[in-house]
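Please consider the structure shown below.

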Amino acid sequence: MSSNALIKALEVLEAFQKSRDALSVKEVADLNEETQSSVQRSVYTLETLGFLEREDAGKRYVPGRACLRPVYGYLRSNRFLETATPYLIDLSERFSTRADLTVLDGTEIVYLSRIPSRDELLNLSPLGRRWPAIQTASGRAILAAMSESERERVIANSEIQKITAHSLSSYEEISDAIVESQETGYAYQSEEVLLGAASVGAAVVGADGTVHGAIILGGPTETFNDADKRRLFGSAVRQAAQAIGVYL
Amino acid sequence: MDVGLMPKTEPKDDPRFLSSVERGFLVLDALAETTGPMSLTELSKATGLAVPTLQRLTATLVKTGYLEKEPSSKRYRAAVKTVDLLYSYLSRNQFAKRAWPHLVKLREDLGLDVSLSVPFGNSMIYVHRLPGYSGNFENTLPGRRVPIHLSASGRCVLSFLEPSQIRTTLGSLPLSKLTPWSKVDIEEIQSEIAKCRKHGYAVVEQEASPGTVTLAAPVTRASSAIAGVSVHSPTAGGDFQSIAERVLPSVISVSRAISVN
């Protein structure tokens with residue numbers, strides 16, 4: 001038993017996640033393979049509620065400010081995020097660099113927190129950005145901390161994506177990177193998702209063994225090219241991740 | 001009430017308006033109003049909807065991935081997919097994107113919490129919130145709503161209305177208290193808004209969040225205010241007058257930089 005009108009309205013909102021631009025009713029209808037009149041009703045309702053806004057008062061729509069609301073319930077009830085936030089602020093201050101937090105959802109990592117740094121103006125992806133876990137430092141740190149069977153399941157469901165020329169492009173390379181991060185306690189990537197940007201990530205594991213997600217220090221590749229600095233950042237995220245895990 | 005960028009509210013009795021969609025979002029909103037998972041009974045109390053209706057709505061929201069049901073307690077909580085809605089707003093909204101680097105710089109310059117909020121119904125809602133110090137966790141999150149009359153940026157937005165409009169707007173609001181310091185007297189709030197109109201910024205001390213002082217300046221488009229840039233400081237941080245003198249020029253400069261002509 002479910003509400004079809006609600007499902008259709010959510011699908012209309014999700015259509016905007018598949019497209020980079022503002023969309024008209026017709027474009028949403030085409031994307032969702034729905035009739036224009038059905039989409040029109042969803043759009044009317046979503047606009048009235050503030051989930052869609054007209055771009056420049058025209059006929060095309062973009063997600064509206066009501067979209068900011070539902071996530072608040074998720075974030076404020078998230079003990080992992082709450083426990084980690086002071087550590088992220090501290091890491092970011094100590095190293096004058098960006099500190100982020102991600103969780104695994106299916107085969108992707110999702111950003112739940114970003115403590116920005118002025119030097120990181122190039123890296124503008126906002127909260128909620130998703131990337132394939134296997135292609136990222138934090139994703140591989142999370143995978144490295146999971147049981148072998150869970151890890152294999154996520155990897156088997158993942159598809160390798162060549163996001164940049166530096167993205168790891170074989171399962172062998174990815175599995176080597178995971179093994180390496182198991183040895184060092186943190187994962188490292190350079191320019192695999194964004195040119196000019198590198199990061200180290202460490203998984204946060206609770207006292208009961210639950211893998212909650214990962215914390216990251218990220219910045220320009222120059223910073224991380226220096227092996228000493230990379231190790232310094234790596235051990236800092238590893239230690240912070242361990243300290244957070246104790247409370248979860 | 002129609003303030004600046006706020007979407008025009010069309011009548012909900014239009015035949016195109018789908019009330020089950022509104023009710024579904026009421027469930028997610030109820031979960032945003034409280035910490036921790038909620039049972040159907042609690043959701044019913046919070047939303048005014050009947051339990052059978054809620055069973056249908058929660059089933060739909062679980063199926064679509066926005067809600068999770070805790071197997072042990074049968075309580076519901078918002079799921080990680082709600083973050084995708086935030087992302088779709090932040091990644092498409094030119095204004096939110098343009099504001100971000102300015103806010104990052106402002107936070108670094110001042111070493112304090114900074115935020116950007118926009119009017120949303122009777123509230124201001126945080127678009128960006130950049131924590132500068134380890135304060136109250138809930139204050140570090142986007143999506144938090146603050147009643148417009150208790151919000152420094154809300155008072156900035158209201159200060160761009162005609163005085164008669166301000167009175168009508170305040171008269172139509174449920175002037176609720178969030179803290180013992182919250183101003184709920186119309187005259188008092190009006191005089192704060194008048195100060196903001198005169199000086200170009202608003203200061204709110206502990207009215208929305210105990211222990212926090214906020215200074216905000218309006219972001220404008222043409223002749224109306226569409227948002228507010230705020231700096232938040234712990235009250236324990238010292239004499240606010242001297243903090244205000246220090247932060248004001250930077251806040252004003254950022255609010256002007258992201259204003260639209």
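The model is predicted, and its confidence may be taken up at the outset. Chain A has a mean pLDDT of 93, with 97% of its residues at 70 or more. Within chain A, the highest confidence belongs to helix α6 (residues 137-145), at a mean of 97, and the lowest to helix α9 (residues 221-225), at 91.

The overall form of chain B comes next. Its secondary structure consists of 9 helices and 8 strands. The globule rule gives 18 Å for 261 residues, and the radius of gyration of chain B is close to this, at 19 Å, so chain B is as compact as a globular protein of that length. The C-alpha trace of chain B spans about 55 × 40 × 40 Å along its principal axes.

Two packed helices are described by the angle between their axes and the distance between the axes. In chain B, helix α1 (residues 19-32) packs with helix α2 (residues 40-47) at an angle of about 100°, and their axes are 10 Å apart. Because angles of 65 to 115 degrees count as roughly perpendicular, α1(B) is described as roughly perpendicular to α2(B). On the side of α1(B), the residues that meet α2(B) are Leu26(B), Val27(B) and Ala30(B); their partners in α2(B) are Leu43(B), Ala46(B) and Thr47(B). This contact of α1(B) with α2(B) has 5 nonpolar residues, 1 polar residue and no charged residues.

A second pair lies in chain A. The axes of helix α5 (residues 79-95) and helix α10 (residues 227-246) of chain A cross at roughly 160° and come within 10 Å. Because angles over 145 degrees count as roughly antiparallel, α5(A) is roughly antiparallel to α10(A). The crossing of α5(A) with α10(A) is right-handed. Residues of α5(A), including Tyr87(A), Leu91(A) and Phe95(A), meet residues of α10(A), among them Phe233(A), Val237(A) and Ile244(A). By class, the contact of α5(A) with α10(A) has 10 nonpolar residues, 1 polar residue and no charged residues.

There remains the contact between the chains. Chain B gives 62 residues to it and chain A gives 53 residues. On the side of chain B that touches chain A, the elements that give two or more residues include α1, α3 (51-63), α5 (94-110) and the strands β3 (113-120) and β4 (123-130) of chain B. The most is given by α4(B), with 11 residues. This side of chain B has 32 nonpolar, 14 polar and 16 charged residues.

Note on methods. Residues numbered from 1 in each chain as written. Chains lettered and ligands numbered in written order. Predicted model: local features only at pLDDT ≥ 70, side-chain atom pairs only at ≥ 80, totals over all residues. pLDDT = per-residue confidence, 0-100. Helix = DSSP H or I, 4+ residues; strand = E, 2+ residues; numbered from the N terminus. Axes fitted to C-alpha atoms, helices over the stretch in contact; angles between N-to-C directions. Parallel < 35°, antiparallel > 145°, perpendicular 65-115°, else oblique. Contact = placed C-beta atoms within 7 Å. Nonpolar A, V, L, I, M, F, W, Y, C, P; charged D, E, K, R; others polar. Left-handed = near helix turned anticlockwise from the far one by under 90°. Rg over C-alpha atoms; globule rule 2.2 N^0.38 Å.
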